[in-house]
Amino acid sequence: MKVLVISDTHGSLPKDLEDIGGDILFHAGDVGGHNIVNAALLFKNYYIVQGNTDCFSFFNFPERVRTTVEGVKIFMVHNLTAPHRIINENRMYIESFIPDLVIYGHTHTPCINVINDVIYLNPGSFGKIGLAGYMSYAVVNIEDSKVTNISIYDVETGEVKLSWVT
């Protein structure tokens with residue numbers, strides 16, 4: 001299964017999500033507009049959480065998502081802070097759910113970290129250039145009930161900027 005992960009679109013879609021493709025979409029918040037929600041509707045399944053800039057909008061996204069996809073437990077929140085200094089409330093959710101994959105956004109900085117067998121993924125900013133100097137998104141591949149690999153791509157060039165393989 002191919003999982004497309006984006007965050008921090010802030011109303012901008014610099015690349016057509018259909019062109020990237022995927023079986024399911026996860027959006028880690030700061031959506032910014034109906035155009036993003038309409039693009040998400042093109043996926044068979046999608047999950048979107050509320051970002052800090054979405055809280056005063058017409059969107060009613062949940063703050064957190066806990067779900068299982070093809071046997072992989074996924075927790076998603078917009079502002080985790082960072083894998084090494086998690087906001088206490090998020091830490092409680094993670095410890096009670098024990099996910100395989102934690103998806104977050106907010107920092108506009110792509111990263112993949114593994115801590116205590118949990119994969120922490122920030123796809124970076126899809127909607128505007130962040131601290132990394134490029135816009136990005138992630139593709140997570142799931143096979144046999146486990147994450148087999150993750151790649152973070154530069155939106156404009158398609159170049160793999162970060163990757164992780166089991």
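**Exercise 1. Is Ser125 buried or exposed in this predicted model, and what does its side chain meet?**

*Step 1.* Start with the relative accessible area of Ser125, which is 0%. The cut-off for buried is under 20%, so Ser125 counts as buried.

*Step 2.* Now find Ser125 on the chain: look in the loop between strand 8 (118–122) and strand 9 (136–143).

*Step 3.* Leave out residues up to four places away in sequence, and Ser125 touches Ser7, Asp8, His108, Tyr134, Met135 and Ser136.

*Step 4.* Zoom in on Asp8: its backbone oxygen lies 3.2 Å from a polar atom of the Ser125 side chain.

**Exercise 2. Work out where Asp8 sits and which polar atoms its side chain meets.**

*Step 1.* Asp8 belongs to the loop between strand 1 (2–6) and helix 1 (17–20).

*Step 2.* Check the accessibility next: at 0% relative accessibility, Asp8 is buried.

*Step 3.* Follow the side chain. One polar atom of it lies 3.0 Å from the backbone nitrogen of His106, and the Asp8 side chain also makes a polar contact with the side chain of His108, at 3.1 Å.

*Step 4.* Look at who else is around. Not counting residues up to four places away in sequence, Asp8 touches, among others, His27, His78, Gly124 and Ser125.

*Step 5.* Compare sequence with space: Asp8 and Ala28 are 20 residues apart in sequence, and their C-alpha atoms are 7.1 Å apart.

**Exercise 3. Which residues of helix 3 are buried, and where on the helix do they lie?**

*Step 1.* Helix 3 covers residues 88–97, and its buried residues are Asn90, Ile94 and Phe97.

*Step 2.* These residues span an arc of only 75 degrees around the axis, so they lie on the same side of helix 3. Here's the handy rule: an α-helix has 3.6 residues a turn, so residues three or four places apart point the same way.

*Step 3.* Turn to the other side of helix 3, and you find Asn88, Met92, Glu95 and Ser96 exposed.

*Step 4.* What do the buried residues of helix 3 pack against? Their partners are strand 4 (64–69), strand 5 (72–77), strand 6 (101–103) and strand 8.

*Step 5.* Just past the end of helix 3, Ile98 has a positive phi of about 50 degrees.

Notes: Residues are numbered from 1 along each chain as its sequence is written. This is a predicted model: local features need pLDDT of at least 70, side-chain atom pairs count only at pLDDT 80 or more; totals for chains, interfaces and linings use all residues. Side-chain values use heavy atoms; hydrogens and water are left out. Helices (H or I, at least four residues) and strands (E, at least two) are DSSP runs, numbered from the N terminus. Buried means under 20% relative accessible area, exposed over 50%, partly exposed in between (1.4 Å probe, protein chains only). A polar contact is a pair of N or O atoms within 3.5 Å; within protein, one must be able to donate a hydrogen and the other to accept it, and residues adjacent in sequence count only if both atoms are side-chain atoms. Contact means heavy atoms within 4.5 Å. The arc is that of the directions from the helix axis to the C-beta atoms.
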